Amino acid sequence: MEKTTEKATTPQGKAKVYFANLNGVRAIAALMVVISHIELHKVDYQIARIPHINILNFGKTGVTVFFSLSGFLITYLLLEERRNFSAVNFKDFYIRRILRIWPLYFLLVFVGFFVYPRQGSPTALWLSICFLPNLAFCLQMLPDIFNPIWSIGTEEQFYIFHPHFFRIKNTKNILYAFVAFILLIWSIQVSMHFLAHTDVIWRLFSSFFYYARFDNMMIGAAVAVLYHNTLHPTFKFKAQSLFNLIFKPHIQVILYILFAIYTYAYLRYDIGHGDVPLAILSSLIIVNLCQAETSIFTIRNKKLDYVGQISYGIYLLHKYPLFLILYLVHTYMPQSNLLIQNLVIYTATITCAIGVASISYFGYEKPFLNLKKRFQKITQ
């Protein structure tokens, strides 16, 4: 039976953590965003969307899964670092995040604002440089071709404060702090929602706090604490036995059914703040996929692993090939039937997005990732 997690010590004194299915989760989430954006931008090129089905919210669903996974994995690795080495090295944490996120992010900002083509206001540029692209997105200042960077700003803002929760010595109190933070964010969002009707400034704040999505990541973080406590018990928690029920096969079946039903409803009806139940369900499914011994489902295979490995590039860069493909179909295949158009658009866009992301990963990101390993105490 495949082991869910492995802990070993390398010659360099590092600990290893292994989860079997997480690259598959990344791959599916990234492709959901690509599919959503294909349908979203067809109208910009006078190309008909697929009839009788609304998959525009597929992108929101994929981003929510990304956020839940990010909060879960970052938290679990920090818990493992503290368990193996007694404390979290905050400097190394930020160096790792910089080396993973900044190179491609700033390349995209540079290309988007200065090269292909020059667009966007100076305000949007400075907001993006200062990792506030989500604010620029809310102000509708980001050009469509690289506006996925809004979510990178959200993650970077989350990383500013999240690791400092681990200054709390008692892990149980960390969990309580996460829950308190989630409730605080929800309170702010509800307040902003009501104030948004009174003034344009409040509408902007309401939009910004919605796109902040800190609650999505913190839900994943809270689930990570409970899961870590399942594998390595460090505190007593009354609801722990209830949480552990999610690993039962029949509960997993219920979770997948609920996820499918809710995702369908989320696609059909634009549910206000519908990302919160989705983040909860996504986090619980992610935990089950991590627990390979008991999981009733697996998404681990070489192709999905590869797509998941380069998913950061797919997510940030896919609109460049997408816009090119839509332009070519609009120009040279305007009279083709819907089936042929969609076969060309979907096949070419996904293939080219994977190709561009592969070039980015191996030709540009890889040296930074190799350098990042020097600052890792927990290897994946």
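The structure holds 0 disulfides. In this predicted model, the sulfur of cysteine 138 lies 16 Å from the closest cysteine sulfur, that of cysteine 130, which is too far for a bond. Cysteine 138 counts as buried, at 15% relative accessibility. Cysteine 290 is likewise assigned to the buried class, at 0% relative accessibility.

**Confidence**

The mean pLDDT of the protein is 91, and 96% of the residues score at least 70. Residues 1-11 stay under 50 in pLDDT, and the model has 31 contacts beyond four places in sequence for this segment. Where pLDDT is low, the predicted coordinates should not be read in detail.

**The nonpolar core**

The largest nonpolar core comprises 114 residues, of which Phe72, Phe178, Tyr227 and Phe243 touch the most other members. Helix 2 (residues 58-85) supplies the largest share of this core, with 12 residues. In soluble globular proteins, nonpolar side chains tend to be buried together.

Neighbours within four places in sequence aside, phenylalanine 243 is in contact with Val223, Leu226, Tyr227, Thr230, Leu284 and Val287. Alanine 221, whose place is in helix 9, counts as buried at 0% relative accessibility. Residues up to four places away in sequence not being counted, alanine 221 touches Gly71, Phe72, Thr75, His162 and Phe178. Between alanine 221 and phenylalanine 237, the separation is 16 residues in sequence and 16 Å in space, C-alpha to C-alpha.

**Aromatic pairs**

The structure holds 42 aromatic pairs. In one of them, the rings of tyrosine 105 and phenylalanine 131 have centres 4.7 Å apart and planes at 20°, so the pair is stacked. This pair links distant parts of the chain, 26 residues apart: tyrosine 105 belongs to helix 3 (residues 90-115), whereas phenylalanine 131 sits in the loop between helix 4 (122-129) and helix 5 (133-138). Both tyrosine 105 and phenylalanine 131 are buried.

A further pair joins tyrosine 176 and phenylalanine 237; the ring centres are 6.3 Å apart and the planes meet at 55°, so this pair is tilted. Because tyrosine 176 lies in helix 7 (residues 171-195) and phenylalanine 237 in the loop between helix 9 (214-231) and helix 10 (240-244), the pair ties together parts that are 61 residues apart in sequence. Tyrosine 176 is partly exposed, with a relative accessible area of 41%, and phenylalanine 237 is also partly exposed, with a relative accessible area of 23%.

One aromatic cluster is formed by Phe93, Tyr94, Phe158, Tyr159, Phe161, Phe165, Phe166, Phe178, Phe181 and Phe214.

Helix 6 (residues 149-161) has 11 of its 13 residues buried, so it is largely enclosed by the rest of the structure. The buried positions of helix 6 include Trp150, Thr154, Glu155, Glu156 and Gln157, together with Phe158 and Tyr159. Phe158 and Tyr159 are also among the members of the aromatic cluster.

Helix 8 (residues 200-212) has 13 residues and reaches 18 Å from its first C-alpha to its last, close to the 18 Å expected at 1.5 Å a residue. Its buried residues are Ser206, Phe208, Phe209, Tyr210, Tyr211 and Ala212. Just after helix 8, arginine 213 takes a positive phi of about 55°.

**Loop residues and backbone angles**

Most residues other than glycine have a negative phi, and most peptide bonds are trans. Glutamine 46 has a positive phi of about 55° although it is not a glycine, and serine 86, another residue other than glycine, has a positive phi near 75°. The loop between helix 1 and helix 2 contains glutamine 46, while serine 86 is placed in the loop between helix 2 and helix 3.

Asparagine 57 is found in the loop between helix 1 (22-42) and helix 2. Neighbours within four places in sequence aside, asparagine 57 is in contact with Ser36, Tyr266, Leu267, Tyr269 and Asp270.

| Residue | Relative accessibility and class |
|---|---|
| Glutamine 46 | 61%, exposed |
| Asparagine 57 | 8%, buried |
| Serine 86 | 65%, exposed |

Terms used: Residues numbered from 1 in each chain as written. Predicted model: local features only at pLDDT ≥ 70, side-chain atom pairs only at ≥ 80, totals over all residues. Heavy atoms only, no water. Core = buried A, V, L, I, M, F, W, Y, C linked by side-chain atoms within 4.5 Å. Buried < 20%, exposed > 50% of the residue type's maximum accessible area, 1.4 Å probe, protein only. Helix = DSSP H or I, 4+ residues; strand = E, 2+ residues; numbered from the N terminus. Contact = heavy atoms within 4.5 Å. Disulfide = S-S within 2.5 Å. Expected span 1.5 Å × (residues − 1). pLDDT = per-residue confidence, 0-100. Phe/Tyr/Trp six-rings, centres within 6.5 Å; stacked < 30°, edge-to-face > 60°.
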